[in-house]
Amino acid sequence: QVQLVESGGGLVQAGGSLRLSCAASGRTFSSKSMGWFRQAPGKEREFVAAITWSGGMTYHADSVKGRFTISRDKAKNTVYLFMNSLKPEDTAAYYCAASPYVSNWFMKPDLYEYWGQGTQVRVSS
């Protein structure tokens, strides 16, 4: 199995920046892609970004494109989400996830086998 631990969430003013980290451990060799999702109270879990572990190919949701950037440090087994120009609507619990697949369905939560516990991001106006 794969264990994922997110960190870096917090409270930030609109227009500010945060960096989220997701440290992976365990059977990480089984993970072919990593994703970030977010979920606000009363809303569905929403795809944010994904990255292929080996090649570093990235995908970003339209809602965050140009503001958020997903990346990974293979040596540290860590995935990052750099969030810039934050908006109040970015407020949510952010989860990282690991998938054994590289797929066109990268935006679907069902693609991902392992999930972190989440880290809260709140953006004030």
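Colleague: How many disulfides does the structure hold?

Modeller: Happy to look with you; keep in mind that this is a predicted model. A disulfide is a covalent bond between the sulfur atoms of two cysteines. Here cysteine 22 and cysteine 96 form such a link, with their sulfur atoms 1.9 Å apart. The number of disulfides in the structure is one.

Colleague: How many residues apart in sequence are the parts that cysteine 22 and cysteine 96 tie together?

Modeller: Cysteine 22 belongs to strand 3 (residues 18-26), while cysteine 96 belongs to strand 9 (residues 92-99). The pair therefore ties together parts whose distance in sequence is 74 residues.

Colleague: Nice! Is the link of cysteine 22 and cysteine 96 right-handed or left-handed?

Modeller: Both cysteine 22 and cysteine 96 are buried. The angle about their S-S bond is 55°, and the link is right-handed.

Colleague: Is threonine 78 buried or exposed?

Modeller: Threonine 78 sits in strand 8 (residues 78-83). Leaving aside neighbours within four places in sequence, its contacts include Cys22, Trp53 and Arg72. Buried means under 20% relative accessible area. Threonine 78 has 8% relative accessibility, so it counts as buried.

Colleague: Which residue's backbone oxygen lies 2.9 Å from a polar atom of the side chain of threonine 78?

Modeller: The polar atom in question belongs to the side chain of threonine 78. At 2.9 Å from that atom lies the backbone oxygen of lysine 76.

Colleague: And which residues have the most contacts inside the largest nonpolar core?

Modeller: That core has 35 residues. Strand 3, strand 8 and strand 9 are among the strands that each supply at least two residues of this core. The residues with the most contacts inside the core are Trp36, Leu81, Met83 and Tyr94.

Note on methods: Residues are numbered from 1 along each chain as its sequence is written. This is a predicted model: local features need pLDDT of at least 70, side-chain atom pairs count only at pLDDT 80 or more; totals for chains, interfaces and linings use all residues. Side-chain values use heavy atoms; hydrogens and water are left out. A disulfide is a pair of cysteine sulfur atoms within 2.5 Å. Helices (H or I, at least four residues) and strands (E, at least two) are DSSP runs, numbered from the N terminus. Buried means under 20% relative accessible area, exposed over 50%, partly exposed in between (1.4 Å probe, protein chains only). A polar contact is a pair of N or O atoms within 3.5 Å; within protein, one must be able to donate a hydrogen and the other to accept it, and residues adjacent in sequence count only if both atoms are side-chain atoms. Contact means heavy atoms within 4.5 Å. A nonpolar core is a set of buried Ala, Val, Leu, Ile, Met, Phe, Trp, Tyr and Cys residues joined through side-chain atoms within 4.5 Å.
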